[in-house]
Amino acid sequence: MSGAGWVAIAGLGPGDDALVTPQVADALAQATDVIGYIPYVARVAPRAGLRLHPTDNRVELDRAAHALQLAAEGARVVVVSSGDPGVFAMASAVFEAVEGGPPQWRDLDVRVLPGITAMLAAAARAGAPLGHDFCAINLSDNLKPWALIERRLRLAAQADFAMAFYNPRSKSRPEGFARTLDVLRQECADARPVLFARAVTTPDEELRVVPLTDARPEMADMRTMVIVGSSQTRMVGRWLYTPRSAG
Ligand code: SAH
């Protein structure tokens, strides 16, 4: 292949095609290769001249190195993530591969194309729970020890942040989210609202708000975003919101 190759690390948004940015659609229209986790590559419409490379979830660094190698050979590669590629997704994996790869990779044309992350899509469907200070935590302990997750949870609760949890609960890690709820109930002695937002902006979307005292581990799975309010977060009618100001 000839010509100047590039890598675009793109976010496909939370599910609805209307939430794919025109910039990402444009990169996909120009691409020769699309690389990513199987269900995300499945969201890209096949066309003549476009090679699709779906791969399993646990091979992020291999996938990133493959993308860089193809671009070095002249391919126009889109690496796809759901939501935003910089949020618990492929953008960091690509830069890690650049860091560990041949020096020429540092000169490649690599661009990160943002997308709407699940946290913001979920918040928008429910109202405005992230309208004041908040933090985002990945509850998976695949890439970090549980003790670090627990420490961050406790400190975030003590600092009265609203919290958005990604990857709350999987079949291989059923315990973590139960422990998360226990830690929060220890740190927050109130019935602040908890949003369970599943498959947001897809036909399977389900939203549910319950008081922290009633939140149960089974309410979350790997397609769920969990948003725990601050001490100020509340309902107004059917909307969940956090006021702009705090004590
Ligand atoms: N890069 C992605 C996050 C990848 S981690 C982003 O920015 O959104 C995968 C986790 O994101 C899932 O376990 C779930 O917690 C959340 N998630 C992704 N899409 C979602 C959706 N449509 N609805 C609710 N949660 C979603």
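## Ligand shell, domains and loop residues in a predicted model

Phenylalanine 88 sits in the loop that runs between β4 (76-81) and α4 (90-100); helices (H or I, at least four residues) and strands (E, at least two) are DSSP runs, numbered from the N terminus. The model is predicted: local features need pLDDT of at least 70, side-chain atom pairs count only at pLDDT 80 or more, and totals for chains, interfaces and linings use all residues. Residues are numbered from 1 along each chain as its sequence is written, and side-chain values use heavy atoms, with hydrogens and water left out.

**Loop residues**

Although phenylalanine 88 is not a glycine, its phi is positive, at about 50°. Phenylalanine 88 is partly exposed, with a relative accessible area of 42% (buried means under 20% relative accessible area, exposed over 50%, partly exposed in between, with a 1.4 Å probe and protein chains only). Threonine 201, which is not a glycine either, has a positive phi of about 65°. Its loop lies between β9 (193-198) and β10 (206-211).

Is threonine 32 buried or exposed? Threonine 32 is buried, with a relative accessible area of 9%. This residue belongs to the loop between α1 (22-30) and β2 (33-37). Apart from neighbours within four places in sequence, threonine 32 is in contact (heavy atoms within 4.5 Å) with Gly49, Leu50, Arg51, Ala75 and Arg76.

**Domains**

The protein chain is assigned domain 1 (6-116) and domain 2 (119-241); such bounds come from an automatic or database domain assignment. The contact takes eight residues from domain 1 and nine residues from domain 2. Between the C-alpha centres of domain 1 and domain 2 there are 28 Å.

**The ligand**

Around the ligand there are 19 residues, and the closest are Asp84, Val87, Thr117, Met222 and Thr224; a residue counts as near if one of its heavy atoms lies within 4 Å. The shell comprises twelve nonpolar, five polar and two charged residues (Ala, Val, Leu, Ile, Met, Phe, Trp, Tyr, Cys and Pro count as nonpolar, Asp, Glu, Lys and Arg as charged, and the others, Gly among them, as polar). Domain 1 (6-116) and domain 2 (119-241) each supply at least three residues of this shell.

| Backbone atom of | Ligand atom | Distance |
|---|---|---|
| alanine 199 | nitrogen | 3.4 Å |
| arginine 223 | nitrogen | 3.4 Å |
| threonine 224 | oxygen | 2.7 Å |

On its own the ligand has 540 Å² of accessible area, and the protein covers 91% of it (Shrake-Rupley method, 1.4 Å probe).

Terms used
Polar contact = N/O pair within 3.5 Å; in protein donor to acceptor, adjacent residues only side chain to side chain.
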